[in-house]
Amino acid sequence: MKSKVMPPLVLTLICIIVCGLLVIAHDAAIKDNTGVLTDEMKKGCTGIFGEGEYEMLTKKTDKGTEPVTFGDKHLNSVIVDKQNKNCLMEITCDGYAKDGLHLLIGIGDDGKIKGMHFLSIGETPGLGAKVAQKEYTDKYTGLSVEDDIENVDNLTAATYSSKGLKKACEQAINLYTVHKGEIFG
Amino acid sequence: MSEERKTLYELTKGIIKENPVLVTLLGMCPTLAVTVLAENGIGMGLATTFVLVCSNAVISLLKNVIPKAVRLPCFIVIIAGFVTFIDFIMQGFLPELHSALGVFLQLITVNCIILGRAEAFASRNNLVRSVLDGLGMGLGFTLALFAMGSLREIFGLGSWLGMKIPWLCDHPMTIFVMPAGGFFVLGCLIALVNKIAGRKPPKEISCEGCPNAAACKGQCKVEEGA
């Protein structure tokens with residue numbers, strides 16, 4: 001009887017203890033930073049538009065405060081400088097790696113891309129990661145919803161990453177055009 | 001061998017003589033996948049060392065409590081607990097490294113080195129020896145990953161720990177940061193360790209060193225004779 005009861009009992013006890021300790025560790029290590037701009041985000045905002053009063057758009061839901069994403073799975077958050085009517089879309093997109101491109105795309109009042117800043121890049125260093133270089137990202141500056149982003153040349157040996165970046169830009173300017181009223185409202 | 005030397009041997013054996021990556025060839029997936037940069041190698045190595053030391057310690061303490069029938073599930077739960085803990089810590093305090101290591105951080109749970117040391121060593125030895133074994137193996141793993149990451153970063157990207165190296169940064173050999181380069185560097189390091197340890201291939205392969213010996217039970221020799 002003991003030999004049948006003990007194994008599952010010990011395993012259950014170990015599971016319960018481990019889960020309990022992990023709950024404590026989670027509460028201690030991970031804080032709710034929803035709506036707070038990280039240093040890298042602030043650097044991106046000022047790098048694209050210069051100094052300003054940037055804030056992340058948030059909404060209150062049953063689960064607590066969440067960033068505004070307009071129901072788009074690639075959009076992580078929207079950062080605005082309401083005074084200067086500047087907007088930055090935080091987008092995560094697939095490149096060669098899944099979710100390999102994580103960047104801020106700055107869009108001006110005229111709906112044109114003003115610049116971009118990579119928060120992290122999971123693409124192959126030396127190949128796909130080259131899409132984050134200023135010489136390439138500058139090719140997207142000035143494009144709006146009326147332009148065909150597909151006309152921008154892909155980078156050699158970084159086709160998937162270039163296509164991912166195009167998709168991110170397209171998504172950002174489309175979302176901006178559709179939701180401009182809500183963003184600055 | 002005296003007791004003190006035996007204890008010291010538990011710590012040092014994992015660094016070269018029984019290096020988990022370069023001698024026993026365990027944990028190959030994270031070794032090849034995350035060693036594009038030296039920094040990633042250090043991060044992955046230290047995370048694995050932490051899990052190895054902690055899981056070895058806990059398993060060694062509980063070795064008389066855990067019934068044999070459920071020892072593997074218990075080991076996995078304990079290891080997964082420590083992996084999740086280090087995952088939370090990295091997510092909270094080192095988000096960039098957490099993002100760079102990606103899924104391979106969670107996959108430490110099923111790393112052969114950790115389960116192998118838990119089953120082969122920690123469940124049969126006392127706390128001090130188990131902790132030293134975990135630390136030695138972890139350091140060996142970290143050194144191997146750091147060496148691989150350094151070589152791949154230097155030749156593939158022309159930089160080391162983010163610092164640019166003159167000439168190489170203008171003429172990087174991109175193949176080194178690709179999977180083929182990973183295998184090449186791994187092969188070179190294994191050859192180097194074999195040279196340092198003076199290890200030579202056996203003239204005749206006996207059942208002693210054969211990984212299939214348990215299943216084959218000498219049958220291959222009978223067939224060869226026939």
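Which residue in β6(A) does Met89(A) stand opposite?

## Pairing around strand β5

In this predicted model, Met89(A) stands opposite Ile105(A), a residue of β6(A). The two strands concerned, β5(A) and strand β6 (residues 101–107) of chain A, pair in the antiparallel sense over seven bridges.

Strand β4 (residues 75–81) of chain A also pairs with β5(A) in the antiparallel sense, here over six bridges, and within this pairing Ser77(A) has Glu90(A) in β5(A) as its bridge partner. β4(A) and β5(A) form a hairpin with four residues between them, and in that turn Lys85(A) has a positive phi of about 55°.

## Burial of strand β5

Strand β5 (residues 86–93) of chain A is largely enclosed by the rest of the structure, because seven of its eight residues are buried; a residue counts as buried here if 20 or more other C-beta atoms lie within 10 Å of its own.

## Domains of chain A

The domain assignment divides chain A into domain 1 (1–30) and domain 2 (39–184). The C-alpha centres of domain 1 of chain A and domain 2 of chain A lie 43 Å apart.

## Contact between chains A and B

The contact takes 19 residues from chain A and 26 residues from chain B. On the side of chain A that touches chain B, the largest share, 12 residues, comes from helix α1 (residues 2–29) of chain A. The residues of this side of chain A divide into 14 nonpolar and five polar, with no charged residues.

Technical notes: Residues numbered from 1 in each chain as written. Chains lettered and ligands numbered in written order. Predicted model: local features only at pLDDT ≥ 70, side-chain atom pairs only at ≥ 80, totals over all residues. Domains from an automatic or database assignment. Contact = placed C-beta atoms within 7 Å. Nonpolar A, V, L, I, M, F, W, Y, C, P; charged D, E, K, R; others polar. Buried ≥ 20, exposed ≤ 12 C-beta atoms within 10 Å, placed from the backbone. Pairing = 2+ DSSP bridges.
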